Amino acid sequence: MAIKDWPQGEGPREKLLLNGAGQLTDAELLAVILRNGLAGQNALDLSRQLITQFGGLRKLFSAPKQQICKVAGIGPVKYAQLQAAAEISKRIARENLQKGQILTNPDLTRDYLMRQLADRSYEVFALLLLDNQHRVIQFVELFRGTINAASVYPREVVSLVLEKNAAAVIVCHNHPSGIAEPSQADRRITERIKIALETIDVSLLDHMVVGDKEIVSFAERGWMC
C-alpha cells in the first residue's frame, strides 16, 4: 500500500509534523527524505531495504554513487537527496564545533570527527587548529593515503600552524578498517609532531584516532605527556 493511502496520522511525514523528528525511526526519517518508492514498494519499505542492505544510515550516506544507484528505485535524484542530507549534517556539526570550546566539549569534538572521518575508504590525516582560547580556527585535511612515518611531514604541520597563527593543535586520522586502536607508527608520528610544534611554542593537545564506532584519544590514555 502506498503511504498516501495509510490511515491518517500513520505516515512518516505526518508523524514527524505531529510528534517531531526525534520520534521517528531511522527508516521513517529516510522515507521522508526519499519521498516515494517504486511500483510495489513504498518509500518506507525502500528505506528499510536500504538500511538493511548497507548496514545503517552512516554507511548508506557514505556509500559510492555507483553502489547506491544499483538499488532499484534509487536514481540520481534520490542519490542527490541523500548526499544533500548528509552534507547538511556535516555542516551543522562544523558550526556547532566552531561555536564551542574543544577542551570543555569533548563529546562535541568526537561527534564532529566521527561525521568527518569515520566512513572514509582511505586514510586521512587532519588538524584541528585552535586559538589561544582553544576555539576552532580551522579543520584541515593535510594528508591522504597510507598514514605512516614516511607520509606525514612535521614541517608541513608546522608551516600550516604558523600560517593560521594557531596556538594549539589536535591531530586526528581515521582507520578505514574500522578499528580505532592506535599503532606504534601512530605513536611515533605523534611524538615527531609534538617535538616539532614545541620548537615554535605551540601545544599538541591530543591525537584522536577515528574508527567505525569509537575514537581513541592519546590524551585520555596519558600518551601526550
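Modeller: Keep in mind that this is a predicted model. Start with helix α1 (residues 12-19) and helix α2 (residues 26-34), whose axes come within 9 Å and cross at roughly 110 degrees.
Biologist: How do α1 and α2 lie to each other, then?
Modeller: An angle from 65 to 115 degrees counts as roughly perpendicular, so α1 and α2 are roughly perpendicular to each other.
Biologist: Which residues make the contact?
Modeller: On α1 they are P12, R13, K15 and L16, and on α2 they are E28, L29, A31 and V32. By class, the contact of α1 with α2 has five nonpolar and three charged residues, and no polar ones.
Biologist: What about S47, where does that sit?
Modeller: S47 is in helix α3 (residues 43-54).
Biologist: Why does S47 count as buried?
Modeller: Because its relative accessibility is 0%, and the cut-off for buried is under 20%. Leaving out residues up to four places away in sequence, S47 touches A27, L30, A31 and L34.
Biologist: Now the sheet. What is the strand order?
Modeller: The order is β2-β1-β3-β4-β5, an open sheet of five strands with mixed pairing. The edge strands are β2 and β5 (215-217), each pairing on one side only. Direction ignored, neighbouring strands of this sheet are turned by 20 degrees against each other on average.
Biologist: Do β1 and β2 run parallel or antiparallel?
Modeller: Antiparallel, with seven bridges joining β1 to strand β2 (residues 136-144). F125 stands opposite F143 in β2, and the bridge partner of L130 in β2 is V136.
Biologist: How many residues lie between the strands in that hairpin of β1 and β2?
Modeller: Five, and H134 takes a positive phi near 65 degrees in this hairpin.
Biologist: Back to V136, is that buried or exposed?
Modeller: V136 counts as buried, because its relative accessibility is 13%. The C-alpha atom of V136 is separated by 29 Å from that of A63, and the two residues are 73 residues apart along the chain.
Biologist: How many residues of β1 are buried?
Modeller: Seven of its seven residues, so the strand is mostly covered. V124, A126, L128 and L130 point one way from β1, while F125, L127 and L129 point the other way, and all are buried.
Biologist: And what is the pairing of β3?
Modeller: β1 and β3 run antiparallel, joined by six bridges, and L129 stands opposite V169 in β3. β3 and β4 pair in the parallel sense over seven bridges, with C172 opposite M208 in β4.
Biologist: Which helices lie across these strands?
Modeller: One of them is helix α7 (residues 106-117), which lies across β1, β2, β3, β4 and β5 and runs at about 55 degrees to β4. Another is α8, lying across β1, β2 and β3 and running at about 155 degrees to β2.
Biologist: Last topic, α9. What span should that helix have?
Modeller: Helix α9 (residues 184-198) has 15 residues, so at 1.5 Å a residue it should span 21 Å. Its end C-alpha atoms are 21 Å apart, which agrees.
Biologist: Which residues of α9 are buried, and what covers them?
Modeller: A185, D186, I189, T190, I193, K194, A196 and L197 are buried in α9. What covers them includes β1 (124-130), α8 (154-164), β3 (168-174) and β4 (203-210).

Methods
Residues are numbered from 1 along each chain as its sequence is written. This is a predicted model: local features need pLDDT of at least 70, side-chain atom pairs count only at pLDDT 80 or more; totals for chains, interfaces and linings use all residues. Side-chain values use heavy atoms; hydrogens and water are left out. Axes are lines fitted to C-alpha atoms, for helices over the stretch in contact, and angles run from 0 to 180 degrees between N-to-C directions. Helices (H or I, at least four residues) and strands (E, at least two) are DSSP runs, numbered from the N terminus. Angles under 35 degrees count as roughly parallel, over 145 as roughly antiparallel, 65 to 115 as roughly perpendicular and the rest as oblique. Contact means heavy atoms within 4.5 Å. Ala, Val, Leu, Ile, Met, Phe, Trp, Tyr, Cys and Pro count as nonpolar, Asp, Glu, Lys and Arg as charged, and the others, Gly among them, as polar. The expected span of a helix is 1.5 Å times one less than its number of residues. Buried means under 20% relative accessible area, exposed over 50%, partly exposed in between (1.4 Å probe, protein chains only). Two strands pair if DSSP finds at least two bridges between them.
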